[in-house]
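Dear colleague,

Please find below the structure that I am handing over to you. My findings follow it, for use in your own work.

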Amino acid sequence: MKATEKRNLVKAYSYCRVLKIVKNIPTLPSIPFLGVALQFYKIKSPNGMIEVLSPCLQSSPQKIIKCWIGPKIVVCLLNPKYIEVPIVLSSKDALDRDSVYKILHIYGSGLFTENGKKWKELRKPLHKVLSSKAVESYFHFFQESAVKFCKFLQQYAVTGEKLDLKHGITNFSVDLLSACTLGYETNEMFNSKLTVGKCASEILYSATKMMHTPHYIVFNSLIPYGADGRNLIKSSKEMWSFILKGRMNEIVSPEENDITNPQFYSDFLIQKGKEYGLSHEELARLATDYVMAGFDAPAVMSAATLMMLAMNPEHEEAVYREQVEILGDDLSVLPSENDLSKMHYLNRVIRKLYVFLVQYYLGLPRMILFLMVNNILIASVVYVCGELSSIVREYINQFISISTKSGVYLRLKFDNDVTIEIFQVDDRISTNYLYFIIIIFYAEQFTLPKGCSVYISIHDLHRDPSNWSHPHEFYPDHFLPKEVAKRPKGAYIPFSWGPRSCPGPQFANVEMRVLLSRVIREYKFETDLKLDKLSYKYSLLIEPAEGFMMKVVSRNLQEKKK
């Protein structure tokens with residue numbers, strides 16, 4: 001038998017095996033021969049993807065469906081308890097990004113797109129740069145920048161001119177991210193041309209659109225030759241000329257250029273560039289997605305918070321009263337870290353905006369094992385290196401040890417639904433460093449085949465009426481402690497989950513709360529936009545197609561007129 005014939009037989013066997021494994025997962029409605037091709041053909045945007053998948057996910061009793069895109073099998077999840085399996089405890093087995101992220105290689109090759117060793121090298125320094133201790137050291141700069149932004153808004157309060165608030169806040173976020181994590185000041189806040197923010201918005205919008213267009217997903221290697229691809233490359237080159245340029249210009253002498261102890265994320269990237277002989281463009285590509293996501297997401301969230309408060313004056317007044325109770329009327333008094341922890345109402349408002357704006361998560365379980373335990377298919381397998389989890393340690397005395405051919409077999413039951421199985425991996429077990437496989441499944445669980453793609457519609461998850469009492473309303477009380485306690489853990493994942501989740505939620509949250517606290521105490525916002533009348537565009541987050549158009553009103557001037 002020829003090698004080609006052997007490979008074809010292996011592929012055929014693998015395909016049949018996958019079909020058997022996923023046969024109990026409901027399928028997206030299809031027609032003979034054509035399958036779901038006609039449904040996916042009409043998808044031209046993220047909104048189209050949601051329109052096709054949402055009704056099917058919501059009507060599925062188990063809130064899980066599968067579909068085929070070419071030879072790729074995609075499992076779509078909406079049930080929180082299923083989401084907790086591949087995401088909450090995900091480690092080595094769900095680290096890889098789905099192949100659809102190859103589309104993003106057009107503009108960058110960093111945290112969003114890379115896998116394996118390269119991704120780990122890019123992610124590791126962020127544990128230091130975006131740590132709690134680091135964010136504390138940035139706090140004074142956050143405060144100063146918030147005061148500067150209020151001065152930026154003053155011109156609009158005086159003239160009464162409307163502005164798209166996202167543009168101004170984007171420049172605010174660019175300045176913060178660059179100064180704190182990249183080591184140089186950009187001074188974009190008062191740049192009326194909005195060069196960086198506008199460029200980033202165009203890149204993110206185009207890339208998101210292509211990631212949700214089936215013919216781009218299947219034929220992503222041809223993207224650079226199409227009009228959309230060429231436009232994306234053009235915008236990306238403008239972004240590359242900005243990224244890291246300031247820091248590289250500051251490091252001019254041979255002594256300074258020898259960065260043996262990187263202080264900023266840019267220092268680490270420049271160090272890697274020297275190590276691998278990268279050009280400036282190649283170096284900038286490593287940082288592009290980090291930089292754009294790092295300032296775009298907080299900017300959209302902050303602008304959306306102010307827009308939603310403007311649409312709901314009673315909530316705006318409640319947030320303002322909370323700020324006055326904590327900080328008083330004196331605008332020279334800036335919030336401390338302790339003050340931020342007291343802003344419960346503002347925090348609920350921000351968390352509700354995450355529910356509205358976050359769209360999806362697309363991951364790839366790449367090393368799923370297929371095991372049978374008491375005739376139940378196991379759904380997800382993850383490696384955990386180091387200490388046992390607190391859950392396992394808590395119940396360690398309840399383990400039942402059974403000897404098997406695979407090594408030590410341990411079993412723990414929490415209740416009728418969840419079971420943890422632990423198998424010894426190899427002979428490298430020691431008292432100081434442990435290697436385990438942890439397996440979680442539910443009684444009615446489905447098996448996810450090795451190499452399948454997992455699509456989590458966060459858009460639908462955050463609007464599921466079974467978990468949210470007012471799913472389509474601006475209702476901050478969803479995040480009262482008693483309401484949070486009612487929801488499954490997997491029902492709310494604004495920053496994604498697991499090792500591939502957003503590396504900087506604390507940085508973003510502190511940035512937003514410091515900014516919003518200062519802005520809300522000095523200004524009120526008015527808008528003609530109505531929540532039920534909005535149309536949307538889909539980028540990194542969901543944004544109103546009309547923009548965040550608002551009028552800024554000075555509270556002091558308003559009081560004087562009265």
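A residue is called buried when its relative accessible area is under 20%. The model is a predicted one, and the term applies to several residues discussed here.

By that cut-off Phe 172 is buried, because its relative accessible area is 1%. Phe 172 belongs to helix α8, which covers residues 165–182. Apart from neighbours within four places in sequence, Phe 172 makes contact with Ser 145, Ala 146, Phe 149, Met 189, Glu 511 and Leu 515.

The aromatic pairs come to twelve in number. In one of them, Phe 142 and Phe 507, the ring centres are 5.2 Å apart and the planes stand at 90°, so the pair is edge-to-face. Since Phe 142 lies in helix α7 (residues 132–159) and Phe 507 in helix α22 (residues 505–522), the pair ties together parts that are 365 residues apart in sequence. Both Phe 142 and Phe 507 are buried.

Helix α22 also holds Arg 518. With a relative accessible area of 7%, Arg 518 is buried as well. If residues up to four places away in sequence are not counted, Arg 518 touches Ala 146, Val 147, Cys 150, Leu 331 and Leu 334.

Helix α15 (residues 280–311) and helix α16 (residues 313–327) meet at an angle of about 115°, and their axes are 5 Å apart. On the α15 side the contact is formed by Leu 309, Ala 310 and Met 311, and on the α16 side by Pro 313, His 315, Glu 316 and Val 319. Five of the residues in this contact are nonpolar, one is polar and one is charged.

Finally, I turn to helix α3. This helix comprises 14 residues (46–59), and the distance from its first C-alpha to its last is 20 Å, close to the 20 Å expected at 1.5 Å a residue. A kink of about 30° is located at Leu 53, shortly before the proline Pro 55. Leu 53 is among the buried residues of α3, which also include Pro 46, Gly 48, Met 49, Ile 50, Val 52, Ser 54, Cys 56 and Leu 57.

Yours sincerely

Methods: Residues numbered from 1 in each chain as written. Predicted model: local features only at pLDDT ≥ 70, side-chain atom pairs only at ≥ 80, totals over all residues. Heavy atoms only, no water. Helix = DSSP H or I, 4+ residues; strand = E, 2+ residues; numbered from the N terminus. Expected span 1.5 Å × (residues − 1). Bend = angle between axes of the 7 residues up to and from the residue. Buried < 20%, exposed > 50% of the residue type's maximum accessible area, 1.4 Å probe, protein only. Axes fitted to C-alpha atoms, helices over the stretch in contact; angles between N-to-C directions. Contact = heavy atoms within 4.5 Å. Nonpolar A, V, L, I, M, F, W, Y, C, P; charged D, E, K, R; others polar. Phe/Tyr/Trp six-rings, centres within 6.5 Å; stacked < 30°, edge-to-face > 60°.
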